Amino acid sequence: MSEHGDPVTRATERLRPGGRVEPVDAATEAFVAHRNLLFTVAYEMLGSAADAEDVLQETWLRWVGVDLATVREERAYLVRIVTRQALDRMRALSRRKESYVGPWLPEPLLTAPDVAEDVELADSVSMAMLLVLETLQPVERAVFVLREVFAVEYEEIAEAVGRSPAAVRQLAYRARSHVAARRPRGPVSPTQTRAALQAFQRAVETGELQSLLDILAPDVVALSDGGGVRHALLQPVVGADRVARLLAAGWWRRDAERSVEPVQINGGPGLLVRVGGEIDGVVAVRVEDGYVTGAYHVRNPEKLSRVARETAVSR
């Protein structure tokens, strides 16, 4: 979605003669300037683009009521508001996850090629990292995202999460240790990633077992999310042999109705699956050392609205 295509931004702009769009005032100008950053903060905290958009609307409503003369640094102030709103939203999202049918995966985003060039940003929004962040407590997750991804000062984070700077430092240390023990291995080169994705695509299109075994890491993990609406795995499948056999008999069987195309999902390689021309699902692929170590298959229709067009993320 473009920065001028959502309800928040449309409501905060006016059309000048000649069709030129211009911000209404300084508050609007600041909000629009930082919008992609604010969305990325909320998305990394929530793993849901729909909820991140709701948080942005709530952030806007609070921002327009602020006396800008009292604001020392607009970016920090906006990040503080969006963090507080995202923390509130986490509680509602947690209740939804408890009643979710089947495994829950983050809502995938179709991202621009330049996102992959920012290695830290791409890693922070990757499906694999978002799943690691799911294992943190809400405040720990907020602290980790703000400090490690966006380099926010401890004092500013403390104001955002309602803790002392000393407590925030402890939370940051604990979160870093937790993530380091679970995070995926380091990223590979773009050339290696493209080669691995091409090999994976060829293997899943043909269903050749040996081709799949050649590209899958021994400890590869496959997860899928159908939300109770579409068929999906009820448990993770682990190991090259099991995942290869699953893929060789799976959803990509070649027929006239089905097509698979390479795309960038959450800053990394992925495959967009269409059936009869309609989007049926997306597979985000984690590549490490030239092998596929993770395949995250999202089929829940409610989570596929952000894979038809690019979503801007930034730091």
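**Helix packing and cores**

A: In this predicted model, H8 and H9 pack with about 145° between them, and their axes lie 10 Å apart.

Q: What is the handedness of the crossing of H8 and H9?
A: H8 and H9 cross in a right-handed manner.

Q: Which residues of H8 and H9 meet?
A: From H8 come Val139, Ala142, Val143, Leu146 and Arg147, which meet Tyr154, Ile157, Ala160 and Val161 of H9. By class, the contact of H8 with H9 has eight nonpolar residues, no polar ones and one charged residue.

Q: Is Ala151 buried or exposed?
A: Ala151 has a relative accessibility of 52% and therefore counts as exposed, the cut-off being over 50%.

Q: Where else does a phi near 55° turn up in a residue other than glycine?
A: Asp289 has a positive phi near 55° as well. Asp289 is placed in the loop between strand E7 (278–288) and E8. With 54% relative accessibility, Asp289 counts as exposed.

Q: Back to helices: at what angle do H3 and H4 pack?
A: Helix H3 (residues 49–63) and helix H4 (residues 74–98) pack at about 135°, and their axes are 9 Å apart. H3 and H4 are therefore oblique to each other. The crossing in which H3 passes H4 is right-handed.

Q: Which residues make up that contact of H3 with H4?
A: H3 supplies Asp51, Asp54, Val55, Leu56, Glu58, Thr59, Arg62 and Trp63. On the H4 side are Glu74, Tyr77, Leu78, Ile81, Val82, Gln85, Ala86, Arg89, Leu93 and Arg96. By class, the contact of H3 with H4 has nine nonpolar, two polar and seven charged residues.

Q: Turning to the largest nonpolar core, which residues touch the most other members?
A: That core has 57 residues, of which Phe39, Met45, Trp63, Leu133, Val143 and Val161 touch the most other members. Two or more residues each come from helix H2 (26–46), H3, H4, helix H6 (119–125), helix H7 (127–133), helix H8 (138–149), helix H9 (154–161) and helix H10 (165–182).

Q: Which element gives the most to this core?
A: H2 gives the most, with eleven residues. Apart from this core lies another, of 23 residues, among them Phe200, Val204, Ile215 and Ala222. In soluble globular proteins, nonpolar side chains tend to be buried together.

Q: What does Val143 contact, leaving aside neighbours within four places in sequence?
A: Val143 is in contact with Glu148, Ile157, Val161, Val168, Leu171 and Ala172.

Q: Finally, how many helices and strands does the protein chain have?
A: The protein chain has 13 helices and eight strands. Of its 315 residues, 50% are buried. Among the contacts in the chain with a separation of 6 or more, 66% are between residues 24 or more positions apart.

Note on methods. Residues numbered from 1 in each chain as written. Predicted model: local features only at pLDDT ≥ 70, side-chain atom pairs only at ≥ 80, totals over all residues. Heavy atoms only, no water. Axes fitted to C-alpha atoms, helices over the stretch in contact; angles between N-to-C directions. Helix = DSSP H or I, 4+ residues; strand = E, 2+ residues; numbered from the N terminus. Parallel < 35°, antiparallel > 145°, perpendicular 65-115°, else oblique. Left-handed = near helix turned anticlockwise from the far one by under 90°. Contact = heavy atoms within 4.5 Å. Nonpolar A, V, L, I, M, F, W, Y, C, P; charged D, E, K, R; others polar. Core = buried A, V, L, I, M, F, W, Y, C linked by side-chain atoms within 4.5 Å. Buried < 20%, exposed > 50% of the residue type's maximum accessible area, 1.4 Å probe, protein only.
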